[in-house]
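The sequence and the model come next.

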Amino acid sequence: MRQWIKPWRHVFKLDPDRMLADGELEAICRSGTDAILVGGSTGVTYDNTLELLNRIRRHALPCALEISNLEAAVPGFDLYLIPMVLNTADTDWIFGQHRKALERYGSLIPWEQLLTEGYIVLNADSAVAQLTGADCALNGNEASAYAQIADRLMSLPIVYIEYSGAFGDMRTVQSIRETVEQAQLFYGGGIATEMQAAEAAALCDTVVVGNVIYRDLQQALSTVDAVKRTARIVLD
Ligand code: 1GP
């Protein structure tokens with residue numbers, strides 16, 4: 001499964017709880033993005049997730065579900081991404097919810113389709129930070145230490161820098177980049193322009209674009225090329 005996500009440079013994240021007309025969804029799916037990630041922090045249900053999956057399936061591109069709510073674990077996705085929030089004191093978001101899922105669905109879990117994401121949540125105003133009680137007041141060094149927990153101690157396949165709703169501090173992102181060796185580094189948060197997309201793409205393996213889709217679709221679409229033409233900086 002790691003091999004599956006390796007080529008992903010640009011990903012659109014779609015929220016099942018938000019409206020998207022068929023034409024808009026088509027533009028997203030035909031934009032040249034590498035994959036669609038379905039997920040959201042609030043209002044995600046089994047029904048709205050299934051409906052969105054069915055609509056995306058009219059198009060030929062990989063579709064992954066980021067599971068944030070057990071009730072919305074819909075079968076039929078290519079891949080399931082399981083977030084583990086590292087910078088919270090609330091163990092429910094590190095492994096508590098995961099334990100409940102295993103108790104409930106243990107024998108049904110398609111392990112070969114699962115990848116775990118070590119989440120570092122860095123925007124205190126975001127829904128995900130508020131929901132998970134994440135400690136977002138981290139300097140670059142502290143954020144990098146969390147990244148190393150995911151990358152080195154836990155050997156997680158993905159480290160996800162999550163600034164959801166606000167463009168992040170690229171110095172912090174660079175500090176994390178410098179320490180991550182084997183995990184695929186995802187960045188998401190506040191990308192609304194080509195320049196922001198390119199900045200994140202220079203430092204990270206995979207750039208996730210969400211909110212701007214619902215505000216300014218043309219701007220969202222322009223981030224695809226911006227990411228694709230940006231080479232990742234190779235650090236010593
Ligand atoms: C959210 O990381 C994604 O989980 C993308 O962030 O919605 O701010 O683009 P935005």
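Arg104 is partly exposed, at 47% relative accessibility. This is a predicted model. The salt-bridge partner of Arg104 is Glu71, with the closest N and O atoms 3.4 Å apart. The two residues come from distant parts of the chain, 33 residues apart. Arg104 belongs to helix α4 (residues 96-105), while Glu71 lies in the loop between β3 and β4 (79-85). Glu71 is also partly exposed, with a relative accessible area of 48%.

The structure holds 16 salt bridges. Three of them, including the pair above, are set out here.

| Pair | N to O distance |
|---|---|
| Lys13 and Glu66 | 2.7 Å |
| Arg30 and Glu26 | 3.0 Å |
| Arg104 and Glu71 | 3.4 Å |

Is Arg30 buried or exposed? Arg30 is exposed, because its relative accessible area of 63% is over 50%. Its partner in the salt bridge is Glu26. Glu26 counts as partly exposed, at 34% relative accessibility.

Now the pair of Lys13 and Glu66. Their side chains meet in a salt bridge at 2.7 Å, N to O. This pair also links distant parts of the chain, 53 residues apart. Lys13 sits in strand β1 (residues 10-14) and Glu66 in strand β3 (residues 63-66). Both Lys13 and Glu66 are buried. Which residues are linked with Lys13 in a network of salt bridges? The network joins Lys13, Glu66 and Glu162.

Technical notes. Residues are numbered from 1 along each chain as its sequence is written. This is a predicted model: local features need pLDDT of at least 70, side-chain atom pairs count only at pLDDT 80 or more; totals for chains, interfaces and linings use all residues. Side-chain values use heavy atoms; hydrogens and water are left out. A salt bridge is a side-chain nitrogen of Lys or Arg within 4 Å of a carboxyl oxygen of Asp or Glu. Helices (H or I, at least four residues) and strands (E, at least two) are DSSP runs, numbered from the N terminus. Buried means under 20% relative accessible area, exposed over 50%, partly exposed in between (1.4 Å probe, protein chains only).
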